[in-house]
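Reader: Please show me the model. I want to go through its ring contacts.

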Amino acid sequence: MNASEYLPKDEVAIIGGGPAGMQTALALSERGFSVRIYEQKEQLGGHLKGWHHLFPHGVAASDLLGQLKEQVLARAVPLHLGQSVDRLQKVGAGWVLWQGERPLGRAGVVVLANGFALFDARRKEEYGYGLYPSVLTAADLEAVFRKEQPWPFGSDRMAPQVGFVHCVGSRDLKCGSPHCSKLCCVTAVKQAMAVKSLFPEAQVYCFYMDLRMHGLEYEELYRKAQVDYGVRFIRGRLSEAAPGQGKRLHVKAEDTLQGRPLHLQLDMLVLMSGMVPAFLLEQQERAVFLKEPVFGSGFVPVQGLLAAGSVVQQEGLFASGACKGPATLPEVFADAAAVAREVEQYLKSLKAVAHA
Amino acid sequence: MPKPDFGFAFAPNRALDLSAPLLPEVQVVLETEPSIRACMACGQCAAVCTAGAFTPLAFYRLVLQLRGGDVAAVGERARHCMLCGKCQMTCPRGVNIRNAVLLMAALAPPKP
């Protein structure tokens with residue numbers, strides 16, 4: 001295939017059909033560009049599919065997802081579901097998208113919007129995820145809220161003891177994840193409040209190192225959890241979870257504010273698994289590979305201003321949303337608009353050259 | 001066979017047991033003055049405390065000890081407070097510290 005065969009300059013391919021991909025597609029489609037979404041799963045939605053309700057206002061995740069999908073359908077954005085792009089080949093000024101040996105399509109611009117993966121909590125062996133059924137991840141607890149999974153304790157427990165561990169696989173060099181996943185703090189607060197709403201007699205503890213309530217109304221939510229819901233915040237990282245009395249877990253930590261060790265029996269332990277890269281971007285002269293991440297892999301590197309979407313060293317390749325690093329939904333939506341603008345500038349600059 | 005020891009053991013006499021329910025008198029304090037729950041142990045109350053410069057009074061520590069059930073020590077230390085109210089003026093979370101201190105001081109056995 002040579003450069004002259006390449007035609008659809010204005011076509012933008014978006015890899016990933018989660019909130020970042022859908023919102024970027026919408027922003028570009030509204031600007032009159034022709035966009036397509038390539039999604040590896042059979043459905044749009046990404047991680048948003050697994051959420052029950054969203055912080056800080058408790059909006060149902062299915063409502064937001066429904067609205068996004070509706071808009072994507074209303075704009076008739078072509079969807080390539082079940083197609084997993086693993087290689088981009090530069091041809092002329094544009095790209096050919098490959099899945100193995102099969103070409104999936106072509107585009108003038110590619111926007112990576114394939115998000116993040118959740119840290120595999122089994123790697124923190126001291127917390128016993130996968131060993132003890134009462135140890136869940138935050139994503140598992142959302143599935144419990146969605147009634148797709150049962151509570152890990154019997155229905156006779158009206159006053160369960162529940163612990164949340166912040167920073168599991170985040171801020172942890174031993175796990176190869178030096179970064180803060182930044183939305184686990186507020187997620188834990190949201191989930192702790194939800195547990196207290198469902199079990200008013202429950203004792204709920206959050207084990208934190210710092211509470212990073214960076215977003216609009218997150219700090220207010222934290223205070224509400226303390227005062228109105230009686231959630232207790234213990235500063236100290238859990239050292240281990242072990243079998244306790246009956247089906248309970250015995251956990252140990254240091255209360256670093258009191259400088260004293262503490263232990264307690266829990267009916268459920270929730271691990272706030274952080275966000276880690278979903279793929280490793282390997283950049284070559286005229287090709288980009290999307291590979292399995294390895295220990296210490298980083299997110300997609302971008303250049304320029306903080307919000308920039310242009311991928312380092314690659315013209316016509318952009319990145320949108322949480323594939324660049326942990327981001328909340330409002331941040332992802334704002335980023336999608338910023339990336340769409342950058343893509344527009346890029347395509348306009350190509351036209352200006354062509355007409356010169 | 002002896003149990004394996006990974007060195008995670010701790011002195012039981014120093015360890016806090018969070019599984020133990022809150023003492024009824026502690027619950028009364030927390031329910032009478034719910035703003036205590038808003039404490040995030042920033043320590044500003046202790047930094048401005050005049051009484052704290054000369055005595056073991058530090059309000060945020062009283063909150064932590066209260067939850068730990070150490071009511072005798074909490075009551076004893078709360079009595080060092082002069083109720084000047086600087087802590088309450090400075091508290092970023094709006095804790096009604098004076099009322100909290102009075103409730104805490106009442107936890108100690110009355111002086112003979």
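Author: Start with a charge over a ring: the charged end of B:Arg93 sits over the ring of A:Tyr222, 4.6 Å from its centre. That label needs NZ of Lys or CZ of Arg within 6 Å of the ring centre and within 35 degrees of the ring normal. This is a predicted model; local features need pLDDT of at least 70, side-chain atom pairs count only at pLDDT 80 or more, and totals for chains, interfaces and linings use all residues. Residues are numbered from 1 along each chain as written, chains are lettered from A in the order written, and side-chain values use heavy atoms, without hydrogens and water.

Reader: Over which ring does the charged end of A:Arg87 sit?

Author: The distance to the ring centre is 4.7 Å. The ring belongs to A:Trp98.

Reader: How are the rings of A:Trp151 and A:Phe199 arranged?

Author: Rings of Phe, Tyr and Trp (its six-membered ring) pair if their centres lie within 6.5 Å; planes under 30 degrees apart are stacked, over 60 edge-to-face, the rest tilted. Here the centres are 5.0 Å apart and the planes at 90 degrees, so the pair is edge-to-face.

Reader: How many residues apart in sequence are the parts that this pair ties together?

Author: A:Trp151 lies in the loop between helix 3 (138-145) and strand 12 (161-168) of chain A. A:Phe199 lies in the loop between helix 4 (184-198) and strand 13 (203-208) of chain A. Helices (H or I, at least four residues) and strands (E, at least two) are DSSP runs, numbered from the N terminus. The parts are therefore apart in sequence by 48 residues.
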